[in-house]
Amino acid sequence: MTIRRARPDRVQHFRPRMHCLKKLEAVVVEMQSGVKGSEQKLNVTTIPHVITGKDIIAWITNKMKSTTEESEAFGTMLVAYGYIYPLQNHRKLVMCNDSSLYRFQTPYFWPTQKWVAVDSDYAIYLAKRNIRKKGMLEPYEQAHYNHLHEWLNHKWDFIVMQATEQYKAYWIVNKPPRRTHSAMHNGLELLIDPNSDEVCNPCRDSSVLSSSVCAGSLLQKIPFDTYRRMNLFYQQAIMSSKVKSSVSLGALNKYVATYKNHDPFLAPCLPSNPWLTDNDTYWTLNMRQVEVPTKMRVERWSFSLFELLSDLRGRDDFKVFLKKEFSGENLAFWEAAEELKWGTASSMTSKAETIFKTFLAPGAPRWINIDGRTMGLTVKGLDHPHRYVLEAAQTHVFLLMKKDTFFRYLKSPVYKEIQKKALNPEPHNF
Amino acid sequence: MCDQTFVAATFGPCECCGKASPLMNIYIKTEAINYCSFCVEVMACAGLTAGESVASLKKESETLKKKLEEERGKLSDIELNQVAEKVEVLGALAIKTRRVLKGHGNKVLCMDWCKDKRRIDGKVIVWDAFTLNKEHGLNLPCTWVMACAYAPSGCAVACGGLDNKCSVFPLSLDKNENLNAKKKSVAMHTNYVSGCTFTSSDMQLLTSSGDGTCALWDVESGQLLQSFHGHTADVLSLDLAPSETGNTFVSGGSDRKSNIWDMRSGQNVQSFESHESDINCVKYYPSGDAFASASDDATCRFFDLRADREVAVYQKDSVIFGASTLDFSLSGRLLFAGYNDYTINVWDVLKGTRASILFGHENRVSRVRVSPDGTALCSASWDNTLRIWS
């Protein structure tokens with residue numbers, strides 16, 4: 001049996017995940033001319049066009065230039081999706097790298113044919129399952145079975161006959177074995193795009209659809225306000241400031257280089273990666289309230305203000321420094337503003353008021369020093385407190401801390417002291 | 001250290017209606033103005049004026065799109081792998097399965113790490129991954145939980161799925177309490193909930209849904225704080241930006257687009273359309289300046305936010321099946337992507353080559369997540385198990 005290249009497309013519905021299966025089919029079509037088939041004698045009959053697992057895997061390795069392990073995984077996928085079926089151990093759908101025998105499945109039954117499940121097919125399936133399970137069906141299956149039995153009663157003899165025939169003849173029957181990946185397994189698969197009514201019509205004719213044809217009819221029903229919105233977006237996107245690729249990619253590169261030694265996948269953890277050695281010293285050493293942090297942790301604080309603030313132990317250390325400088329109110333304001341931003345909606349007004357009284361009112365106990373314009377905007381906004389009313393002030397304060405206070409902190413005796421005190425644990429040798 | 005770009009969204013009185021609210025920066029005939037989101041909507045839905053028609057709007061849209069591509073192209077003077085030429089090559093990675101967590105009766109669709117770096121939340125079970133103990137078990141009325149997230153404080157869990165809702169469960173140490181009674185239903189969508197995540201606090205929840213929108217909710221009151229419209233199909237995944245301003249998030253959907261949103265104004269700030277099929281998962285780069293997306297077209301793509309373009313595509317001939325999930329390692333050098341062919345591919349982000357491939361699962365890999373301290377990778381799969389790799 002050879003697979004003809006020109007296949008009629010049956011019932012093509014809109015199904016995005018078929019993308020990968022189409023690629024897979026291209027590989028299978030190539031394979032059937034690439035892998036040698038032979039005849040296999042079995043009792044009195046011979047099975048034509050049989051291929052061995054070894055040959056398949058060798059062909060895949062050659063074509064994809066990959067390792068044997070990878071080709072085995074790929075081969076297993078082909079079997080799981082029903083393009084190739086095993087002749088001997090058909091319960092276990094894997095590709096074995098030995099002389100076990102396989103055959104190509106006819107394109108009639110390939111998953112991309114996307115057959116609409118017909119009731120009589122389902123009835124035959126249930127009948128077969130009934131035979132196999134000796135009457136012990138799942139409740140929902142039993143319900144469907146009874147319903148179909150009633151409804152398809154006129155063809156029930158045919159259905160039972162088909163079921164028994166298919167049940168008996170394993171390799172002669174071309175249907176993919178049970179437990180093959182079926183359309184039911186793709187949980188989120190929808191035959192029809194649910195948003196299609198708003199935007200476009202799904203293309204339902206059975207003629208072959210190229211993506212451009214489909215796209216053309218898709219655009220017909222887009223309403224004018226969607227275009228308006230798109231235009232607004234494009235205009236804004238064009239005007240938004242962009243950075244040269246060399247600059248931003250260089251920054252990415254720098255980021256990776258800075259963090260390279262801190263990545264447990266790339267550099268060894270000190271004392272040891274708990275998952276590798278089953279010893280959780282690493283975690284106890286890096287806990288939140290530890291008195292003496294590790295050297296790596298302290299080094300990480302110097303990378304950016306964000307790192308320093310997100311590690312709460314680092315934030316404590318920063319607070320100690322700020323106390324010495326008598327400029328703790330900036331950080332306190334920033335923390336309060338964060339609380340406002342992420343807090344519950346009900347506490348919004350009360351929080352805003354306390355913040356105003358503590359930080360912003362003229363003569364307040366912890367008055368922060370921000371420029372007149374920002375102060376004016378913020379105070380005005382506080383008349384109708386909104387979640388983001390402190391946004392401008394918070395950004396200003398944060399930038400201040402980042403550009404000035406942070407660098408002074410790194411040069412300060414507080415930081416240098418903690419650097420000296422920091423632990424450098426010995427790597428475990430197991 | 002790279003400078004974080006601050007999305008300068010202003011807040012103040014709208015230039016159209018005068019109300020004080022978060023503003024969207026838009027341009028009308030190259031003049032910058034600031035409107036609140038309500039006025040933008042009104043403007044967009046206003047009837048067609050004389051001389052306008054659907055066709056003319058469509059043509060305008062296409063010319064603008066071309067212009068945007070031109071602008072982007074002007075600044076793209078170098079490619080990622082050129083920049084990475086001087087970076088040393090990665091050594092061979094020896095990553096193996098260190099733990100296997102069995103205990104789910106059915107497919108595991110999603111999971112999340114707790115901040116204290118040990119516990120993972122499966123479909124319904126909270127594990128202590130290191131000692132392999134199960135700490136809590138929740139029974140949900142809905143059978144398909146598609147999204148779950150751990151609260152930053154570690155005290156609650158949010159789950160959502162085909163029941164169109166996202167509910168928050170407080171976790172208590174008392175094992176005899178019926179956790180189901182304390183459930184709080186927070187988000188209500190008109191279609192399934194595909195992704196959820198807490199913001200920096202326990203009090204707010206961000207969800208994405210099959211109805212094409214994302215929404216920000218207040219957990220305490222269940223109130224909708226902000227909704228984000230712009231996708232033309234199901235939104236399949238979302239991720240919050242890790243930067244200190246923490247005001248943006250990225251979402252990816254079935255319409256092949258990934259959008260960056262400003263949480264304050266609800267405005268779509270940037271959009272990228274270069275995938276050939278559904279985007280299954282999006283994730284920010286640790287520095288917050290870039291993100292990656294995994295798609296059914298078997299590729300993972302890397303987008304730079306400051307340069308506003310796609311900078312790398314991770315694909316190989318032998319990788320045919322769609323990628324369903326991805327995550328970065330702590331330094332951002334490695335990208336772990338889980339595929340529907342039961343494997344996890346590890347890509348070198350800078351050089352664009354594949355560093356390693358991890359076998360072990362017996363069914364689709366539905367979610368991979370690196371632990372917050374970067375020491376391990378956890379993968380959840382339809383074969384009912386979770387594996388920890390290190």
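The structure examined here is a predicted model.

Residues 186-227 of chain B are 0% helix and 60% strand, with the end C-alpha atoms 14 Å apart. For residues 358-390 of chain B, the figures are 0% helix and 52% strand, and 11 Å separates the end C-alpha atoms.

A helix pair links the two chains. Helix α9 (residues 224-239) of chain A packs against helix α2 (residues 54-74) of chain B at an angle of about 25°, and their axes are 9 Å apart. Because angles under 35 degrees count as roughly parallel, α9(A) and α2(B) are roughly parallel to each other. Their crossing is left-handed. On the α9(A) side, the contact includes Phe224(A), Tyr227(A), Met230(A) and Ile238(A), while α2(B) contributes residues including Leu57(B), Glu60(B), Leu64(B) and Lys67(B). By type, the residues of this contact divide into ten nonpolar, three polar and six charged.

Another meeting point of the chains can be followed from a single residue. Val269(B) sits in strand β20 (residues 268-272) of chain B. With 17% relative accessibility, Val269(B) counts as buried, since buried means under 20%. Apart from neighbours within four places in sequence, Val269(B) contacts Phe233(A) and Gln236(A), as well as Ile260(B), Trp261(B) and Asp262(B). Cys300(B) is 31 residues from Val269(B) along the chain, and their C-alpha atoms are separated by 22 Å.

How values were computed:
Residues are numbered from 1 along each chain as its sequence is written. Chains are lettered from A and ligands numbered from 1 in the order in which they are written. This is a predicted model: local features need pLDDT of at least 70, side-chain atom pairs count only at pLDDT 80 or more; totals for chains, interfaces and linings use all residues. Side-chain values use heavy atoms; hydrogens and water are left out. Axes are lines fitted to C-alpha atoms, for helices over the stretch in contact, and angles run from 0 to 180 degrees between N-to-C directions. Helices (H or I, at least four residues) and strands (E, at least two) are DSSP runs, numbered from the N terminus. Angles under 35 degrees count as roughly parallel, over 145 as roughly antiparallel, 65 to 115 as roughly perpendicular and the rest as oblique. A crossing is left-handed if the near helix is turned anticlockwise from the far one by less than a right angle, and right-handed if clockwise. Contact means heavy atoms within 4.5 Å. Ala, Val, Leu, Ile, Met, Phe, Trp, Tyr, Cys and Pro count as nonpolar, Asp, Glu, Lys and Arg as charged, and the others, Gly among them, as polar. Buried means under 20% relative accessible area, exposed over 50%, partly exposed in between (1.4 Å probe, protein chains only).
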